[in-house]
Amino acid sequence: MKQIVVIGAGSWGLALTLQAARTGAPVHLRARNPASRLPNGAMPRLPAHPLPAQVTVSNDMPENAGPENTGMVLVAVPTQYLRSTLTQLETTAPVVLCCKGIEPHSLRFPLDILHDIRPDLTGAVLSGPNFAHEIAAGLPAASVIASKEPALARTLADRLGTLTFRLYDSTDTAGVQLGGAAKNVIAIAAGATIGAGLGENARAALVTRGLTEIGRLAAATGGLPATIAGLAGMGDLLLTCTGEASRNFRTGAALGSGLTLNETLATLGGVAEGVPTAGALAELAHRKNVSVPVIDSVASLVAGELTVKDAIARLLARPAGTEA
Ligand SMILES: NC(=O)C1=CN([C@@H]2O[C@H](COP(=O)(O)OP(=O)(O)OC[C@H]3O[C@@H](n4cnc5c(N)ncnc54)[C@H](OP(=O)(O)O)[C@@H]3O)[C@@H](O)[C@H]2O)C=CC1
Ligand SMILES: O=C(CO)COP(=O)(O)O
C-alpha cells in the first residue's frame, strides 16, 4: 500500500492524518513544529486525538516521496500559506489541495496556485461538509475529490475513503473550489445575523440569497449547478452556516455581537478563511460583472468599512424584485 503524506498540523491536517491512517496506509505528517507533540501522542490542534503508530511526524518530507511510493500528498495549510508551502514541496506524487479559499490580490484558487508553482504536478482538490473534530473521531461524513483527470479523482477517492468517509469524485474543479471558498464568506454573514439577534428567518434568508450568489458566480466561472447543489456547495454551506463549531460562523457571530475583528480573531483558536476570501471573492464577482450583495457586505464588514447594523440596513434597503 502506498504511503499518504499530509502537510500541515492544523486541525484539518491532523483530522486527515487520522483518516489516512484508517485506510491502513503508512502515513507521514509534515508539521512545522513536530516537537510540539503532546505526551499522549497527539498534536496541539487536536489534543484529544493521539496519532497512531503508523504515523511518522517530522518537519520534512519522507525520503521516498515519489509517485512509486506515495499515493498522494494532502496539503492542508490555509490558503494564505499555500503558495509558500508549494514552493518548498519536494515530491512528484499527486497533490490534493485541502484548503478552502481564494488568494487575495491574485484572486487565484488553490489549483491555480499549484499550476503557477508546480505545473509539472497532477493536482486535485478535496472539499465538502467536514468539521475536523468529527472526521478525527471517525464519525460518518462525505466529501468530494475533484480533478480534471477523472481517473485520478476516483483513484484518490478510493485511496483516502473509508466506510465512514465517503468520497465522491468530480471533474468540476471550478465548482468545488468556489463552493468551499464562498461558503466561508456566507457563514460570516449567517453568524453576524445570529450574533446581532436578528433571528432564524433572517439567517435562512441570507444563506439562501448567498447560495444564489454562489450559483451566479459558478455560472460566470465555469462551475456546474449540480456541484453547487452538492456536498462542496450546498452541503458545506449548510454545515458552516448552522454548525456552531464553525470558525467562520463564530467570527460573524462575534462581529454581530459588537466585537471588533481583531478581538474576534485573537480568541478564535484557528483560521477563519472567509475573512481574507471575502474581499477576493467580491473583487472576482465585480470583474465578472456578477451581482453579489451579501458577499459585498461581508467584504465591507471585515474590511472595517461597514458595521453589522449598516450592512443589514444596506441589504434591507435593496429592492426585493423577482427571485433569481
Ligand atoms: N478545520 C476544519 O474543520 C477544516 C478546515 N479546512 C480548511 O483547511 C485549511 C487549514 O485549516 P485548519 O487546519 O483548520 O487551520 P488551523 O488554524 O487549525 O491550523 C493552521 C495551519 O496553518 C499552518 N501554518 C501556520 N502558519 C504557517 C506558515 N507561516 N506557513 C505554512 N503553514 C502555516 C499550520 O501548519 P503547522 O501546524 O505545520 O504549523 C497549520 O496547518 C483551511 O483552508 C480551512 O478552510 C477544510 C475542512 C475542514
Ligand atoms: O470547512 C469547514 C467545514 O466543512 C470548517 O469550517 P470553519 O473553517 O468555518 O470552521
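How many nonpolar, polar and charged residues make up the shell around ligand 1? By class, this shell has twelve nonpolar, eleven polar and four charged residues, where Ala, Val, Leu, Ile, Met, Phe, Trp, Tyr, Cys and Pro count as nonpolar, Asp, Glu, Lys and Arg as charged, and the others, Gly among them, as polar. The structure is a predicted model, in which local features need pLDDT of at least 70 and side-chain atom pairs count only at pLDDT 80 or more, while totals for chains, interfaces and linings use all residues. Residues are numbered from 1 along each chain as its sequence is written, and chains are lettered from A and ligands numbered from 1 in the order in which they are written.

Ligand 1 is surrounded by 27 residues, the closest being G8, A9, G10, W12 and C99; a residue is near a molecule if its C-beta atom, placed from the backbone, lies within 6 Å of it. Two helices, α1 (11–22) and α2 (82–87), each supply at least two residues of this shell, and α1 gives the largest share, three residues. Helices are DSSP runs (H or I, at least four residues), numbered from the N terminus. Because domain 1 (3–171) and domain 2 (182–316) both contribute to the shell, ligand 1 lies between them; the domain bounds come from an automatic or database domain assignment.

An unreviewed UniProt entry lists S11, W12, R32, K100, A132, R247, V271 and E273 under "binding site". Such positions are given in the numbering used here, with feature names shortened, and the annotations may be inferred rather than shown by experiment.

R247 is placed in helix α10 (residues 247–256), whereas V271 is in the loop between α11 (261–266) and α12 (274–287). R247 is buried because 24 other C-beta atoms lie within 10 Å, the cut-offs being 20 or more for buried, 12 or fewer for exposed, and partly exposed in between, with C-beta atoms placed from the backbone. V271 also counts as buried, since it has 23 C-beta neighbours inside 10 Å. Apart from neighbours within four places in sequence, R247 is in contact with L268, G270, V271 and A272 (C-beta atoms, placed from the backbone, within 7 Å). With residues up to four places away again excluded, V271 touches P78 and R247.

Technical notes: Two residues are in contact if their C-beta atoms, placed from the backbone, lie within 7 Å.
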